[in-house]
Amino acid sequence: MILFKKAEALSRYLLQQKQNGRNIGFVPTMGALHEGHFSLIVSSKEEQAITVCSIFINPTQFNNPDDFKHYPVTVEEDIGKLLTAGCDVLFLPSADEVYPEGYTAKKYKLGVLETLLEGRYRPGHFQGVCQVVDRLLQIVQPAVLYLGQKDYQQCKVIQTLINSRQASRDIKLKIGPTCREKDGLAMSSRNLRLTGAQRQKAPLLYKALHAAKEKLPTHPVDEIKAAAERFLTAEGFAVDYFEIADADTLLSSTRKSDRLIALVAAHLDGIRLIDNLLLN
Ligand code: AMP
């Protein structure tokens, strides 16, 4: 595995690879790597000649400074795991490398995607996501970008970004399924912050999603949502939202003929967890 800290050196290297006919698969991450990240790396390795993983905790996507301060950092372990996984290239930039002097943030047009669900509860978050992904795509210029369904709305936002960038229209987005622990909890770097008791509670998020899926054929959507929120609140979660939405537009929907997805965001003593499940 080759480790790059400088954007220019990485771009030069990858350009050479592309000129030699090698396609690049790219897996951007914020580190504290787990099986969810590695499932994307495995897909990229199966399908592309060169797999690039980046680790960068992007400050501009954190609307909550406390969340940024406590975001887990495990770079040494991450490098060891990436070596074992056979990742070809690791990009480990400093903030100055991603946002060099003179960088000015653009305003990305994301429409309603920016104001609902995560956008509503994390103002500015998706602008920050677009800033970093825009820069990383400029630097890496992959053929295929690998993202996880765990961050479903983020996938939609990044697809919008790709469609809007002339230079990135050819980049293909591939979305891998959410990797879960045995008890159903969606793997997440933030799970490292959970205490033993919180870790025991956390799988109830998936349980609530699953219950919604089971009830869909027989119960009205509004009732399903209300019951899920009541259940999680009674179990000690502070629920931001439990929404059932059209899986394409992410607009709230009660029409069972739509392709529906349930999405949830809830806090356990200040640690915010998200998850989602396609319902039909
Ligand atoms: P993060 O490091 O949390 O920014 O995530 C980096 C990439 O890994 C994103 O595309 C995430 O959607 C994806 N990812 C995170 N958790 C999971 C998971 N449990 N299963 C599959 N992909 C995931």
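Let me start with Arg-165 and Asp-134, which form a salt bridge with their closest N and O atoms 2.5 Å apart. By salt bridge I mean a side-chain nitrogen of Lys or Arg within 4 Å of a carboxyl oxygen of Asp or Glu. The two residues are 31 apart in the chain: Arg-165 sits in the loop between α8 (152-164) and β6, Asp-134 in helix α7 (residues 125-140). Helices (H or I, at least four residues) and strands (E, at least two) are DSSP runs, numbered from the N terminus. Arg-165 counts as buried at 13% relative accessibility, and Asp-134 as buried at 2%. Buried is under 20% relative accessible area, exposed is over 50%, and partly exposed lies in between, with a 1.4 Å probe and protein chains only.

A word on the source: this is a predicted model, where local features need pLDDT of at least 70, side-chain atom pairs count only at pLDDT 80 or more, and totals for chains, interfaces and linings use all residues. Residues are numbered from 1 along each chain as its sequence is written, and side-chain values use heavy atoms, with hydrogens and water left out.

Next, Lys-174 and Glu-47 form a salt bridge, closest N and O atoms 3.1 Å apart. That pair links strand β6 (residues 172-176), which holds Lys-174, to helix α2 (residues 35-47), which holds Glu-47, across 127 residues. Lys-174 is partly exposed at 30%, and Glu-47 is partly exposed at 39%.

What links Asp-67, Arg-122, Arg-190 and Arg-193? A network of salt bridges joins these four residues. In total, the structure holds 18 salt bridges.
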